[in-house]
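Visitor: Hi! Could you walk me through this structure?

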Amino acid sequence: MIPSLLDSNLLTPADLVALAIVGPLLAAVGIAVFHRWPNLRETITLVAATGVAWVVWSLAPIVMAGGRPQLTIFEILPGVSFALKVEPLGMLFALVAGTLWLINSIYSIGYMRCNNEPRQTSFYICFAVAIAATLGLAFAQNLFTLFSFYEILTLSTYPLVTHKGTPAAMRAGRVYLLLLLGTSMVLLLPAILATYAFAGTLDFQAGGILSGKVSAAATGILLALYVFGIGKAAIMPFHAWLPNAMVAPTPVSALLHAVAVVKAGVFSILKVVVYVFGIDTVASSPAQPILIAVAMITLILASLIALRKDNLKARLAYSTVSQLAYIVLGALVATSVSVVGAGLHIATHAAGKITLFFCAGAIYLAHRKTEVSSLNGIGRLMPYTMTAFLIASMSLIGLPPLAGMWSKWLLLKGALDAQQLMVVAALMLSSLLSVAYLMPIVARAFFKPLPGFSDSSTPVQRKEAPWPCVFALLVTALLTCVLFFAADAITQLLDPIVSSSNLVTVPSDV
Amino acid sequence: MSAIELHLPALQVVLPLIGAMLAALTRSGRLAWAIALVVTWVTAANAVLLVIQVMNSGVPISYVLGGWSVPIGIEYRVDQLNVFVIALVALLGAVVLPYAKRSVAHEIRPELQYGFYTMYLLCLAGLFGMAITGDAFNAFVFLEVSSLSTYVMIALGRHRRALLASYQYLIMGTIGATFYVIGIGILYLITGTLNFADIASRLPEQMDAFGRPAMVALSFLTVGICLKLALFPLHVWLPNAYAYAPSVATALLAGTATKVAIYLLLRIFFSVFGIEISFRTIPIGQVLIVLSVAAMIIAAVIAVFEENTERMLAYSSVSQIGYITLGIALANQAGLTGGLTHIINHAIMKTTMFLALGAVVYRIGTSMLPNLAGIGRKMPLTMAAFVISGLGLVGVPGTAGFITKWYLVLGALEKGAWPLVAVIVASSLIAVVYVGRVVEVAYFKSPSAELADVKDPPLSMLLPILLLAAATLYFGFDTTWSAEWCAQIATDLLGGTS
Amino acid sequence: MSVIEQFVSHHNYYVTILLMVSGLYIVIASGNMIKKLVGLSLFQTSVYLLYLSPAKIVGGTAPILDEKFQVYSNPLPHVLILTAIVVGIATISLGLAIVVRIYEVYGTIEEDEIFSSDGEI
């Protein structure tokens with residue numbers, strides 16, 4: 001497997017945890033220092049990304065084996081430390097973010113250079129800081145640390161959203177900042193402080209720190225504050241920042257606004273449900289049905305909006321909103337199966353959606369096309385790209401042999417276990433809708449003739465995006481297949497977070 | 001104990017006073033600056049020694065002037081609370097001074113520069129005196145010393161409106177100070193003493209007979225001090241004073257002057273009248289909460305619409321002072337800790353921001369928002385410090401501002417005041433907007449041609465800015481010398497009287 | 001105690017309050033910067049009375065340690081007010097100096113005229 005840094009005994013697991021966060025930050029400094037030499041600058045990004053991927057993959061076996069490396073940096077307030085601790089859910093998220101950063105860096109270099117984007121140095125700096133924040137969030141040992149990295153993530157991605165500097169980008173940046181900072185400060189922070197007041201601690205603990213300590217009504221209010229306060233999860237009505245964020249360069253949309261930032265949101269919700277409330281508390285909370293209803297509305301409504309969007313990135317953005325609602329639903333249904341399914345969906349959706357964004361960016365690079373309606377016959381010009389698009393779409397819809405199937409399966413099973421038939425229906429409907437908003441794109445690309453050509457058999461000159469981009473999108477498309485077969489490993493990783501009695505496995509008879 | 005150590009409390013005031021006289025005699029800006037530099041750094045060291053002394057002794061240090069014992073003579077009384085304020089003022093005064101040289105040379109006519117440094121030292125002497133004295137009337141005299149020198153510093157501003165701002169402040173400030181004297185006078189009539197501790201010990205037995213005059217005295221004192229600390233709606237002097245004063249003066253005042261006034265308010269509320277009278281007998285707590293909330297929201301909203309960035313920061317100061325008074329008004333452990341911590345946090349953050357703007361003025365001659373287009377790329381370090389402090393104002397985790405907000409929200413929760421939680425978070429949200437406006441213009445607009453040669457200021461100006469910005473981050477992580485110390489002070493203030 | 005008796009025995013306070021309020025009124029109502037300062041001075045003077053009048057004992061002398069004098073006035077308020085007067089002088093002279101500078105720059109000391117020439121600040 002991967003040559004582990006630990007074999008050399010030079011680094012303890014705790015060092016690795018620190019390295020995962022410090023590494024990208026150092027890279028950011030290096031990028032700033034060497035901004036005059038673009039090749040060196042990009043090398044730093046690639047080296048750092050490789051290093052981070054290596055670090056997270058070295059940590060994975062430790063966590064699989066039951067290790068929980070941790071690191072307290074300092075106590076900031078009485079009973080509240082700035083501390084890191086790797087647990088399975090965070091490990092999974094870190095694996096997703098760390099691996100995809102490497103692939104995305106390759107893609108970014110192709111994209112940014114081909115597109116002659118301005119201010120590439122600040123782009124790479126902010127990107128590296130955002131990744132550091134994501135990994136910090138994934139490894140957070142308590143709510144305070146999580147919140148800190150959550151805010152840093154918002155702030156470090158804001159310059160990326162406004163990267164173009166156009167009035168539209170500035171406007172989008174304002175919406176982005178105000179919605180994300182606003183929800184976190186107005187709803188999330190009071191919720192965290194109230195948790196502190198009730199529980200006397202903010203540490204994530206198995207079984208939840210709030211269970212049995214607060215009344216049902218207070219639990220309900222707190223749960224609602226968390227679900228809406230974590231604006232990055234894009235639950236309606238606080239989803240508007242995500243479509244707005246699409247003004248950013250495509251690599252940003254691909255990694256940050258399909259993976260890191262949004263997954264940070266749903267990941268935080270999962271963490272809160274599992275480690276702050278405890279899934280039993282959530283399942284019995286009076287607020288659960290209401291919040292499930294909100295998540296279902298988000299699920300369906302976002303799919304419907306996606307159907308009507310002609311801009312490819314906007315359509316993908318709304319698809320993300322809807323897919324995030326899957327994960328929130330999984331968390332809120334709060335059975336061990338649904339929670340594991342939600343965790344798995346973080347990984348599977350990440351692989352699928354980043355591919356789709358990569359494709360959208362590749363299409364833009366090669367042909368300057370952004371609207372779905374202008375993609376007629378593009379599959380013949382860019383066969384690799386559009387094949388990857390097809391694979392990723394199928395994964396998102398949930399067809400075998402692709403990764404998306406397992407997470408949807410577990411989510412459905414969890415909903416059935418909990419007798420949430422409405423949720424089951426909503427999940428099915430949403431899958432149908434995702435067929436409806438994704439498949440026409442593929443159909444257009446492959447079966448409609450190119451503009452100016454009478455039929456689809458005339459030979460044309462292929463024109464793909466630069467090779468780093470094509471390479472990246474093929475790798476992630478391949479990942480969706482790999483994850484189909486590796487899903488069991490992920491569920492094994494996640495099992496310890498829910499009760500140890502009923503292990504969740506991917507059924508072997510399917 | 002050496003002779004010097006015995007006289008630290010007096011030296012704290014006397015040193016800048018002597019320095020001011022020497023500076024006045026030099027008639028030379030450079031020489032006066034050198035004197036001021038030496039004096040401020042020595043007083044800063046003196047303040048640090050004083051802190052150590054107080055920490056070691058465990059009980060307040062009493063220093064009687066001229067050997068006249070208390071309560072006949074004037075006493076300098078140094079405890080945790082005022083040594084904390086003194087150290088803050090002394091350190092800020094010392095950090096700002098290296099910056100002052102070039103900024104003052106740029107903004108003030110050469111023949112007046114020595115006067116500026118004289119006033120700077122005089123102002124510091126007044127502030128130290130206010131904080132250190134245990135005598136109510138002595139505090140008034142020092143209040144006026146610092147105020148008068150402040151008026152002069154403001155009047156030295158580069159725009160002619162500085163004169164108007166100074167005049168306005170003079171009128172308001174004098175009314176405030178006079179209100180304070182009236183309050184002290186009534187207290188004197190009731191108790192026959194002027195020593196804070198002595199008043200505190202004699203007041204309870206007089207409350208039955210002279211309850212109403214005592215309340216009148218408390219009201220006069222509160223209004224008078226609140227004028228000086230610019231509590232909404234008594235803040236009208238502040239925006240103009242800050243906006244048109246020389247940059248150095250603004251930076252100094254924003255960090256220190258209002259903070260010492262807050263100290264005086266704490267002294268009156270908690271040490272003299274005691275929490276029982278101040279907060280239970282008459283509803284000063286409720287009134288303060290309402291005004292603080294108004295300050296936090298209204299002043300912040302006004303800041304959003306300001307085109308002059310210095311005025312914007314001034315309104316932001318009014319809003320942030322609301323945080324401090326809110327913490328005081330909550331009068332519980334967490335709230336008071338938050339309020340006290342914000343004294344130091346806000347002082348650091350706002351001083352950084354004013355210094356950064358002063359550096360911008362030094363380079364491009366203006367601080368109007370439209371002229372700042374692209375300045376973030378031309379003066380990267382300066383504006384980075386500005387942004388860090390701005391994030392502190394917002395209360396982003398990892399900055400000092402977050403710590404404050406944390407304790408204030410806890411304090412509000414402890415009181416069961418959910419609406420206050422909403423106000424605190426709403427106010428920091430508005431801070432996002434006004435800080436964000438500057439960031440947008442400074443970073444995402446293209447610099448105009450006039451800014452082609454602009455770069456970060458010289459090191460003597462840049463270092464203080466960066467140092468203070470680093471402090472903003474430092475106090476966001478290590479709270480030993482901010483929140484933890486303040487928590488201890490809060491315990492003393494709350495426990496000593498109830 | 002009838003109202004009149006109370007008034008007579010406390011007349012010094014009533015005078016103080018009258019001075020105080022009229023001083024404040026002038027500060028607020030007058031648009032002329034010199035007149036504002038006059039009002040301010042009046043306001044401060046009222047405080048001197050507040051301190052001094054209760055300290056004065058009828059028939060009392062300065063506190064001289066001698067067999068001949070039994071009744072003396074409280075010296076402390078007198079000393080305090082001496083200080084306050086000095087502070088007051090400093091304030092008023094600084095205020096007047098600023099007004100002179102304002103006149104040099106703006107050519108007027110009427111607030112409304114200044115605001116109309118420079119915009120409300």
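Guide: Happy to; here is a short chat about it. This is a predicted model, in which local features need pLDDT of at least 70, side-chain atom pairs count only at pLDDT 80 or more, and totals for chains, interfaces and linings use all residues. Residues are numbered from 1 along each chain as its sequence is written, while chains are lettered from A and ligands numbered from 1 in the order in which they are written.

Visitor: Great. How many helices and strands are there in chain B?

Guide: Chain B has 19 helices and two strands. These are DSSP runs numbered from the N terminus: helices are H or I with at least four residues, strands are E with at least two.

Visitor: And what does chain B span along its principal axes?

Guide: Its C-alpha trace spans about 70 × 55 × 40 Å.

Visitor: What percentage of chain B counts as buried?

Guide: 66% of the 498 residues of chain B do. Buried means 20 or more other C-beta atoms within 10 Å of a residue's own, exposed means 12 or fewer, and partly exposed is in between, with C-beta atoms placed from the backbone.

Visitor: Let's pick a residue. Is B:I424 buried or exposed, and why?

Guide: B:I424 is buried, because 28 other C-beta atoms lie within 10 Å. B:I424 belongs to helix α17 (residues 418-444) of chain B.

Visitor: Which residues is B:I424 in contact with, leaving aside neighbours within four places in sequence?

Guide: Those are B:K405, B:L408, B:V409 and B:A412. Contact means that the two C-beta atoms, placed from the backbone, lie within 7 Å.

Visitor: New topic: how many residues of chain B are in contact with chain C?

Guide: 23 residues of chain B are in contact with 26 residues of chain C. On the chain B side, α6 (136-155) and α7 (161-191) are the elements that give two or more residues. The largest share, 14 residues, comes from α7(B).

Visitor: Last one: how do strands β1 and β2 of chain A run?

Guide: They run antiparallel, with six bridges joining β1 (residues 70-77) to β2 (residues 80-85) of chain A. Strands pair if DSSP finds at least two bridges between them. A:T72 has A:A83 in β2(A) as its bridge partner. β1(A) and β2(A) form a hairpin with two residues between them, and A:G79 in the turn has a positive phi of about 80°.
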